[in-house]
Amino acid sequence: MATQQRPTVDASYWMVTASGPHHPPPGADLEADVAVIGGGIAGLCTAWDLVSAGLDVVVLEADRIAAGVSGHTTAKMTSAHGLKYARLEAEHGAEEARLYALSQQEAVERTVTLCAELGIDADLERAPAVTYLRDPDRLVELKQEAAAARRAGLDASFVTETELPFDVAGAVRVDGQLQFHPRKFLLGLAERIVAAGGRVHEQARVTALHDGTHCRLTTEDGVTVHARDAVIATHYPVFDRTLLLTLLRPRRELVLAAPVPTDAAPVGMFITPEDRTRSLRSAPYDAERRLLVVTGEAFEPGDGDVRERFERLDGWARTHLPGFAEADSVYRWAAQDNDSADGLPYVGHAHPGSQHLYVATGFGGWGMSNGVMAGRLLAAHIAGGPRPAWTELYDPRRLPPVRDAGHAVAQQASVAGHFIGDRLHTGEPDSLADVPREGGAVVRLGGKPCAVHRDDAGKLTALSARCTHLGCLVHYNDAEQTWECPCHGSRFGTDGSVLQGPATQPLKQREIPDLADPAE
C-alpha cells in the first residue's frame with residue numbers, strides 16, 4: 001500500500017490497546033425494566049443513566065461491547081462539528097442551533113464528570129477543535145460558521161493560523177473540547193453498570209422485536225427478553241418501525257494511525273471537508289511519541305477501490321505531516337457513520353405509535369458527543385423527570401422539512417439503482433478462475449449471484465450475494481476483505497457472518513460444487 005514498507009496492523013488502535021472482560025450471553029429467558037440493544041457509546045451511556053435512576057437494565061450486544069463503531073472512531077468529543085452551525089441556523093433556526101450546541105457541549109462536560117466521579121482513566125485531554133479550509137475563495141464560509149457558532153453559545157473564533165504544519169486560508173477554532181480513548185471509557189462504564197446491578201451480555205444478537213404494551217425481544221440463540229421498554233442503539237437501527245432507512249445514508253471513512261515524535265503532533269483536533277475529508281488528532285503513545293490519527297476518503301459502503309483510497313490517504317499523510325512517513329509502524333482501520341436527512345440525530349420514541357420503544361441513530365460522524373447526549377435524553381424519556389430542552393429537536397417522529405425531501409428521494413433512488421441495476425449487470429468476473437487470491441467478486445453462475453472469496457491459500461468460499469436485510473447485492477471491499485451492502489450499509493465477513501447491521505442474519509452459505517447448478 002505504501003511507498004515505504006513498514007509493519008501495518010489491520011486493526012483499530014483502540015481495540016488493540018484496551019481489552020475487557022467477557023460478558024457471557026444470556027443462558028435463559030430474562031426480564032428487565034429496560035432492554036438496551038447495542039453495547040456502543042449510545043447504548044452504554046443510556047444503560048448507565050437508567051441504572052443510576054434505579055431501573056433494572058439489561059444490555060444485549062451482538063458481538064463485543066465497545067467493539068463496533070465506538071471501537072473504531074477517532075474519538076473526538078466535541079461540540080464543534082465541522083461547518084455545522086451556519087447550516088443549522090439557516091435551515092432550522094437560531095434557537096435550534098443554540099439547543100444543538102448546548103446539548104453537545106453538555107455531553108463533553110458530562111464525559112469529564114463521569115470519568116472523575118467513576119474513576120475511569122480514559123486518557124482525557126482538553127484540546128481545541130479546528131475546522132479549516134485551504135481554499136481562500138471559501139473564507140466567507142468559515143467566517144459565517146464562526147459567527148453562527150458564537151451565536152449558538154460556543155467559544156468560537158475565526159483564525160488564520162493553526163498548529164498544523166501547513167498553511168491554511170482560515171479556520172474556525174472552538175476551545176475547551178475533549179479527546180480520549182473510547183474503549184477505556186466504555187469498558188470502564190460497563191464495569192460500573194454491572195457493579196450497580198445492571199446486566200451486560202455479549203454474543204446476544206437480537207433478531208426479533210415486538211413492541212406494544214411492553215417489549216419482547218428474541219436473540220439468535222432463542223432467548224426471550226421481556227422488558228417494559230426497549231432501546232435500539234445499534235448505530236443503524238436493526239429494527240426500523242419508522243422507515244428511518246429512507247432518511248439515513250451510511251458512509252465509511254478510512255483511518256491511519258502512526259506514532260510520531262511528540263513535537264511533530266499538532267495540538268488540537270482538525271477537520272476539513274476538502275480533499276474528500278481530512279481529519280486528524282493525536283493521542284498518548286509513549287514517553288517520546290504521540291499517535292497521530294488521520295482520517296478521510298469518505299465513501300459509501302460498497303463503492304469499491306478501498307485499497308486505492310487507503311493509498312491516497314497514506315500519500316496525503318506522508319506529504320503533509322512530518323514524521324508520518326518515518327513512522328516505524330501504522331495502524332489501519334475504517335469507521336462507519338450514518339447521516340440524517342436534516343443534519344440532526346434521531347433520538348427518542350421510535351415511531352408515532354410507540355410508547356415503549358426508543359431509538360438513537362443518525363449521528364452524522366459525531367457519535368461520541370451524540371452518544372452521551374442520547375443516553376441522557378433517553379433516560380429522561382424512560383425514567384421520567386424533567387426532559388432536556390432539546391428533546392423535540394431530536395425527536396425521530398419529526399416531519400422532515402420539504403427541502404430535505406430530496407435527500408430521501410436521492411437515497412431511495414440510489415437503493416433502487418443498486419437493487420435493480422446490480423442484478424442486471426454485476427460488472428464482475430464470469431468465472432471462478434478470475435477471482436484473485438485475497439480477493440472477492442460477485443460471480444453469476446447458473447443464474448445465481450454468488451459472493452465468492454479466495455483466501456491467500458487459494459481456498460474459495462461462496463455465499464449468496466443477497467444482503468439478508470432487504471436483498472440488495474453485496475460488493476467486495478478489497479482492503480478490509482469484507483462484503484458490504486451499498487443500500488443500507490450492512491457488512492459481512494468472508495464467511496458470511498454479520499459484522500455490521502442493519503442485517504441480523506448471515507449471508508447464506510453456498511457449496512462450491514453446486515455453484516454451476518441452477519437449482520437452489
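## Two helices and their spans

The expected span of a helix is 1.5 Å times one less than its number of residues. Keep that in mind for this predicted model, starting with helix α2, which covers residues 41-52. With 12 residues, α2 reaches 16 Å from its first C-alpha to its last, close to the 16 Å expected. After α2 comes G54, and its phi is positive, near 95°.

Which residues of α5 are buried? They are L142, E145 and the run A146, A147, A148 and A149. The cover over these buried residues includes helix α3 (85-91) plus strands β5 (125-133), β6 (156-159) and β7 (170-179). G153 follows α5, and here too phi is positive, near 105°.

## R192 and its contacts

R192 sits in helix α6, residues 182-195. Setting aside residues up to four places away in sequence, R192 touches W48, L118, G119 and I120. Another, L118, falls in helix α4, which runs over residues 94-118.

How far apart are R192 and I120 in sequence and in space? They are separated by 72 residues along the chain, while their C-alpha atoms lie 9.5 Å apart. Next to I120 in the contact list is G119, and the backbone oxygen of G119 lies 3.1 Å from a polar atom of the R192 side chain.

## Where α4 crosses α8

Two packed helices are described by the angle between their axes and the distance between the axes. For α4 and α8 (residues 367-383), the axes come within 8 Å and cross at roughly 95°. Angles of 65 to 115 degrees count as roughly perpendicular, so α4 and α8 are roughly perpendicular to each other.

The α4 side of the contact is made up of Y100, S103, Q104, E106, A107, R110 and T111, and these meet S369, N370, V372, M373 and R376 of α8. Sorted by class, the residues in this contact are four nonpolar, five polar and three charged.

## Two buried strand residues

H201 is part of strand β8, residues 199-201. Is H201 buried or exposed? Buried means under 20% relative accessible area, so H201, at 12%, counts as buried. Beyond its sequence neighbours up to four places away, H201 touches H23, P24, P25, P26 and L30, and also V58, V59, L60 and E61.

E484 belongs to strand β23, which spans residues 482-484. Its relative accessibility is 1%, so E484 counts as buried too. What does the E484 side chain reach on G302? The answer is the backbone nitrogen, at 2.8 Å. The side chain of E484 also makes a polar contact with the side chain of R491, at 3.4 Å. Leaving aside neighbours within four places in sequence, the contacts of E484 include R252, F299, P301, V474, H475, N477 and S490, besides G302 and R491.

Methods
Residues are numbered from 1 along each chain as its sequence is written. This is a predicted model: local features need pLDDT of at least 70, side-chain atom pairs count only at pLDDT 80 or more; totals for chains, interfaces and linings use all residues. Side-chain values use heavy atoms; hydrogens and water are left out. Helices (H or I, at least four residues) and strands (E, at least two) are DSSP runs, numbered from the N terminus. Contact means heavy atoms within 4.5 Å. A polar contact is a pair of N or O atoms within 3.5 Å; within protein, one must be able to donate a hydrogen and the other to accept it, and residues adjacent in sequence count only if both atoms are side-chain atoms. Axes are lines fitted to C-alpha atoms, for helices over the stretch in contact, and angles run from 0 to 180 degrees between N-to-C directions. Angles under 35 degrees count as roughly parallel, over 145 as roughly antiparallel, 65 to 115 as roughly perpendicular and the rest as oblique. Ala, Val, Leu, Ile, Met, Phe, Trp, Tyr, Cys and Pro count as nonpolar, Asp, Glu, Lys and Arg as charged, and the others, Gly among them, as polar. Buried means under 20% relative accessible area, exposed over 50%, partly exposed in between (1.4 Å probe, protein chains only).
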